[in-house]
Structure formats: structure tokens, C-alpha cells
Amino acid sequence: MAVSGSTPKFHNQLAVREIRIGVREFNCIGVLPPHDHPHIYLAMEHRSLCPYCSTLFVFDERLAPTETDPAGCYFEEQTLGCEASAGRRAPRSFGARSARSRRPYNLVGWPRAAPSSDRDGRLATVA
Ligand SMILES: [Zn+2]
């Protein structure tokens, strides 16, 4: 039977030097999102060093695919939906950027105009 589609992912949120896992092919994501590094595919005979976070992964046949030593380094794929929706929002911020570039102009003009009109207003009341 083939393994179900996706490669298991592991993180080193505990910042340990070495993590023992029960699979030879996996993805290292560094730490939990949003501070994860690019999810890279790693394969190994007995051990593999992640080039991003320097975590040493050691194959341990006694462990299940979702088990790690120390425990809790297996990353559940559930957050993938959140990542996808966040990616959709990104193009919209491009439009917001052009609107922002206009603002500094208005802000420069505003302080000048405000005091003079205020003076005029008071003078008018006094007179
Ligand atoms: Zn890594």
C-alpha cells in the first residue's frame, strides 16, 4: 500500500540538536509557522542535517511516522488552509501601496494649512 500522498513534516520548536523520527523521507519546516523556514524535502539513510536550521534528524525504526523523540516535533498539516487564504490576500496589498504613496503629500500640506486657517478664524471673531 502506498503512503498517503503528503510527506510528513517536522519542526524543531524545542530547539534541540537532534530529533529522532520514524521515516526516511520528510520535510523540515524549522519552527512552527509563521516563523518556519521554507519547507524542504529531506531524505536520509540514517541521519540528515537540515541546511536551514541545522537540526539533525536521525532515523529510528522503532518510531511511527508521526512519532518523534523528543515528542511533539511532528507538524500537523491542518494549517495549510490558513496559509492558502493568506496568500490570496497578498495581491490586494499591492493596490493599498499606491494609495499610501499619496498620503505623505497630504500630510505635508495639512499642518501648514491648519494653523493659518485657525488664525484667520480667530482674527475674524476678534474683529
Ligand atoms: Zn530545518
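Student: What share of the contacts in the protein chain with a separation of 6 or more comes from residues 24 or more positions apart?
Tutor: Those residues account for 46% of them. Two residues are in contact if their C-beta atoms, placed from the backbone, lie within 7 Å. This is a predicted model: local features need pLDDT of at least 70, side-chain atom pairs count only at pLDDT 80 or more, and totals for chains, interfaces and linings use all residues. Residues are numbered from 1 along each chain as its sequence is written.

Student: How many helices and strands are in the protein chain?
Tutor: Two helices and eight strands. Helices (H or I, at least four residues) and strands (E, at least two) are DSSP runs, numbered from the N terminus. Along the sequence the pattern reads β-β-β-β-β-β-β-β-α-α.

Student: What is the strand order in the open sheet?
Tutor: The order is 5-6-2-7, four strands with mixed pairing. Strand 5 (47-49) and strand 7 are the edge strands, each pairing on one side only. Two strands pair if DSSP finds at least two bridges between them.

Student: Strands 5 and 6, parallel or antiparallel?
Tutor: Antiparallel, joined by three bridges. L49 has L56 in strand 6 as its bridge partner.

Student: And strand 2 with strand 6, parallel or antiparallel?
Tutor: Strand 2 and strand 6 (residues 56-59) run parallel, with four bridges between them. I21 stands opposite F59 there.

Student: How many bridges does strand 2 make with strand 7?
Tutor: Two, in the antiparallel sense; strand 7 covers residues 68-69. R20 is opposite D69 in that strand.

Student: Which residues are on the covered face of strand 2?
Tutor: In strand 2 (residues 18-21), I19 and I21 are on the covered face, while E18 and R20 are on the uncovered one. In a regular strand the side chains alternate between the two faces of the sheet.

Student: Back to I19. Why does it count as buried?
Tutor: I19 is buried because 22 other C-beta atoms lie within 10 Å. The cut-off for buried is 20 or more other C-beta atoms within 10 Å of a residue's own; exposed is 12 or fewer, and partly exposed is in between, with C-beta atoms placed from the backbone.

Student: What does I19 touch?
Tutor: Not counting residues up to four places away in sequence, I19 touches F10, N12, T55, F57, T68 and C73. T68 is 49 residues from I19 along the chain, and their C-alpha atoms are separated by 6.7 Å.
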